[in-house]
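Subject: Structure handover

Hello,

Here is the structure I said I would pass on. Please open it alongside this message, and read the notes below with it in view.

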Amino acid sequence: MALIRRRKAAESQSSESKASDSENRNEEEEEEDKGKKKKKQAEKGKKGKKKSESESKSKSKWSCVDSCCWLIGCTCTIWWLLLFLYNAMPASFPQFVTEAITGPLPDPPGLKLRKEGVRAKHPVVFVPGIVTGGLELWEGRQCADGLFRKRLWGGTFGEVYKRPLCWVEHMSLDNETGLDPPGIRVRPVTGLVAADYFAPGYFVWAVLIANLARVGYEEKNMYMAAYDWRISFQNTEVRDQTLGRIKSNIELMVATNGGKKAVIIPHSMGVLYFLHFMKWVEAPAPMGGGGGPDWCSKHIKAVINIGGPFLGVPKAAAGLFSAEAKDVAVARAIAPGFLDNDLFRLQTLQHVMKMTRTWDSTMSMIPKGGDTIWGGLDWSPEEGYNPKEKQRNNDTQFSSEEGTGKLFSQSKTVNYGRMMSFGKDVAEAPSSEIERIDFRDAIKGLNIANNTCRDVWTEYHDMGIEGIRAVAEHKMYTAKEVLDLLHFVAPKMMARGGAHFSYGIAYNLDDPKYSHYKYWSNPLETKLPNAPDMEIFSLYGVGIPTERAYVYKLSPSAECYIPFQIDTSANGEDEESCLKDGVYSVDGDETVPVLSAGFMCAKGWRGKTRFNPSGIRTYVREYDHSPPSNLLEGRGTQSGAHVDIMGNFALIEDVIKVATGATGEDLGEDCPVLSSLVGGFGRQRQALDVILLVIL
């Protein structure tokens with residue numbers, strides 16, 4: 001019993017000791033857990049501090065790329081939101097807002113004339129200009145898979161962004177023939193949709209077509225004479241039989257409209273194209289259409305030329321010389337090197353130059369008539385004229401020249417006859433003080449620095465340093481010398497162009513050589529058709545500074561560079577100066593100077609002249625540019641700009657009146673700017689008198 005008691009006592013003691021041990025262990029474990037929790041909390045605190053520090057660091061490291069991405073994202077979001085709201089709003093809302101701001105809008109010309117009882121009468125033919133007609137792919141290389149009959153030119157231009165080099169390859173022509181490269185066929189879109197819109201929302205012929213429809217016109221009496229505007233005029237017949245198709249369609253429309261003659265409405269380069277057509281259709285086959293000398297008299301009531309570059313445009317010469325116009329030159333100045341560099345394996349300007357120099361049609365707009373029309377080193381027809389003055393007697397001192405009764409500006413003389421000058425000082429100095437070196441005899445040589453550019457390079461590659469230096473040291477170029485310059489810097493291009501176009505003045509139009517098609521698009525080297533009952537109109541915009549002459553400089557040497565560029569640092573001494581960003585401007589429609597658009601109808605063809613032996617009546621009407629008053633007006637209804645004028649209500653009304661039976665006498669003539677030009681400002685009038693004596 002004692003042993004049992006002792007065992008129980010020992011067991012109780014051991015159990016108590018175990019319990020105390022377990023309690024001690026529990027306490028130790030609790031203490032350890034508390035320690036671990038404290039450590040975890042400390043670690044969390046440290047991590048939070050690190051996160052806050054990293055976040056603050058990341059905020060402080062906000063990069064330019066982040067800003068650009070944020071800006072692009074916000075812009076896209078706002079754009080899509082505005083687009084959604086625009087599509088969601090009622091169709092009449094923009095008109096409601098516009099009328100609330102500007103007052104009631106006038107009726108569209110078609111609706112206005114319909115209310116007056118005007119109805120469709122003569123069939124109408126539209127002749128689009130350069131770049132405004134759509135082109136689609138019919139056969140292409142492997143890179144163009146999936147683009148069969150998709151637009152390469154016009155529409156959304158999506159392929160330019162998706163596969164730019166492939167697009168350039170398919171839009172270029174063969175540098176030797178001026179026709180399709182092997183394995184590629186790009187053809188004009190047909191129908192009214194070919195040139196109604198250039199791109200979504202950017203109209204060309206759409207507004208005019210819609211207004212003609214309001215007085216009863218439809219596709220049976222409207223025809224879009226679409227053609228491939230890249231190739232030379234005669235080659236449109238050789239490759240596509242386009243001239244023959246135009247002839248057949250006009251004959252069909254006249255026959256199916258009761259014998260009523262057609263009204264032809266060419267725009268821009270389409271003016272020169274239709275001038276070529278009128279000679280082609282009467283010329284005997286195989287060179288011509290074989291219609292006979294009275295075809296135009298039988299089938300055409302009137303030709304209404306809109307923004308016609310009859311005598312060419314200086315902008316065409318600058319584009320062929322340096323792939324620039326004023327807008328491109330300013331872009332190059334804002335972002336130096338961007339358009340010249342190898343961007344994503346695409347040297348932008350070099351590819352543009354290589355592509356456009358295969359388009360023979362661009363050479364149709366090189367200035368015609370040489371120095372006789374465009375002026376020499378020390379004179380020009382526009383001498384004394386400032387496009388911003390508009391004959392404001394209050395702001396500028398004027399004086400009357402004895403014997404003329406006219407006023408001319410006493411501002412600093414501008415030598416517009418120097419179409420290209422290397423340096424502002426050269427453009428302004430008297431020609432007698434300038435030493436020039438003839439570039440024609442310069443020795444050309446391979447420029448080793450450009451050996452890597454064979455895949456993109458143009459004919460500048462073969463000029464060499466000496467050839468480039470010789471061009472710059474000639475210093476200034478008149479219209480006649482610009483032709484020699486282009487022959488020097490681009491001999492292959494000009495050899496092709498010389499087979500299809502001419503730029504002189506004919507002094508004996510009975511010479512058999514002028515029966516060749518290369519002269520047919522130059523109004524100074526061809527006769528108008530024998531159609532005394534036909535009328536010719538010249539309608540164009542005025543009131544916008546238009547490129548007339550350029551100040552050039554040598555480009556900084558670099559791999560694959562174009563060696564010449566417009567000097568955008570050259571500006572006039574005051575705001576009223578005609579010189580801005582390296583470009584001298586005169587009055588015009590932003591593309592075609594008044595001299596080119598109006599001179600032939602005002603003087604060269606007026607009455608019976610050797611260029612107009614049958615005495616076709618000619619009329620000139622100008623439309624003063626008035627920009628839209630607010631964004632809701634779009635491109636405006638009173639614009640005088642080269643393309644936007646196609647939506648000018650006054651011009652559309654005049655066109656509809658002629659198409660529905662009115663004559664030039666009913667419309668009258670309205671050309672104050674051209675009248676001031678040909679009427680004379682001092683020496684300018686004497687110069688134009690000399691021009692008329694020479695060409696007439």
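A residue counts as buried when its relative accessible area is under 20%, as exposed when that area is over 50%, and as partly exposed in between. By that cut-off Cys-296 is buried, because its relative accessible area is 0%. Cys-601 also has a relative accessible area of 0%, so it is buried too. Please keep in mind throughout that this is a predicted model.

Disulfide

The search of the whole structure gave 1 disulfide. Its partners are Cys-143 and Cys-166, with sulfur atoms 2.1 Å apart. Cys-143 sits in the loop between strand E2 (135-139) and E3, while Cys-166 belongs to helix H6 (residues 164-171); the two are 23 residues apart, and the pair links distant parts of the chain. The torsion about the S-S bond is about 80 degrees, so this disulfide is right-handed. As for accessibility, Cys-143 is partly exposed because its value is 32%, whereas Cys-166 has a relative accessible area of 8% and is therefore buried.

An open sheet is formed by 6 strands, and their order is E7-E1-E8-E9-E16-E21, with parallel pairing. E7 and strand E21 (617-624) are at the edges; each has a single partner strand, so one side of each has no neighbour in the sheet. From one strand to the next, the twist averages 15 degrees.

Some of the pairings in more detail:

- Strand E1 (residues 124-127) and strand E8 (residues 262-266) run parallel and are joined by 4 bridges. Phe-126 has Ile-265 in E8 as its bridge partner.
- E8 and E9 also run parallel, joined by 3 bridges. Here Val-263 is opposite Ala-302 in E9.
- E9 pairs with strand E16 (residues 535-542) in the parallel sense, over 5 bridges. Val-303 is opposite Ile-536 in E16.

Strand E9 is mostly covered, with 7 of its 7 residues buried. In general, strands of a sheet pair through backbone hydrogen bonds, either parallel or antiparallel.

Helices on the sheet

Helix H9 (residues 242-256) lies across E1, E7 and E8, and runs at about 175 degrees to E7. H10 packs on the sheet as well, where it touches E1, E8 and strand E9 (300-306); the direction of H10 makes about 150 degrees with that of E9.

Nonpolar cores

The largest nonpolar core has 122 residues, and Phe-277, Phe-321, Val-471 and Val-489 have the most contacts inside it. Which helix gives the most to this core? Helix H10 (residues 269-282) does, with 10 residues. Leaving aside residues up to four places away in sequence, Phe-277 touches Leu-243, Ile-246, Lys-247, Ile-250 and Trp-295. There is also a second, separate core of 39 residues, which includes Val-189, Leu-192, Val-215 and Tyr-623.

Aromatic pairs

The whole structure contains 27 aromatic pairs. One of them joins Trp-153 and Trp-229 edge-to-face, at 5.1 Å centre to centre and with 65 degrees between the planes. Trp-153 lies in strand E3 (residues 151-153) and Trp-229 in the loop between strand E7 (222-224) and helix H8 (233-240), so this pair ties together parts that are 76 residues apart in sequence. Trp-153 counts as buried because its relative accessibility is 11%; for Trp-229 the value is 1%, so Trp-229 counts as buried too.

Trp-229 also forms an edge-to-face pair with Trp-359, at 5.2 Å centre to centre and 85 degrees between the planes. Since Trp-359 is in the loop between helix H14 (348-356) and helix H15 (370-374), and Trp-229 is in the loop between E7 and H8, the pair ties together parts that are 130 residues apart in sequence. Trp-229 and Trp-359 are both buried.

Elsewhere, ring pairs link Phe-321, Phe-422, Phe-439, Tyr-477, Phe-488, Tyr-550, Tyr-552 and Phe-564 into a cluster. Of these, Phe-321 was already named among the residues with the most contacts inside the largest nonpolar core.

Regards

Key. Residues numbered from 1 in each chain as written. Predicted model: local features only at pLDDT ≥ 70, side-chain atom pairs only at ≥ 80, totals over all residues. Heavy atoms only, no water. Phe/Tyr/Trp six-rings, centres within 6.5 Å; stacked < 30°, edge-to-face > 60°. Buried < 20%, exposed > 50% of the residue type's maximum accessible area, 1.4 Å probe, protein only. Disulfide = S-S within 2.5 Å. Core = buried A, V, L, I, M, F, W, Y, C linked by side-chain atoms within 4.5 Å. Contact = heavy atoms within 4.5 Å. Pairing = 2+ DSSP bridges. Axes fitted to C-alpha atoms, helices over the stretch in contact; angles between N-to-C directions.
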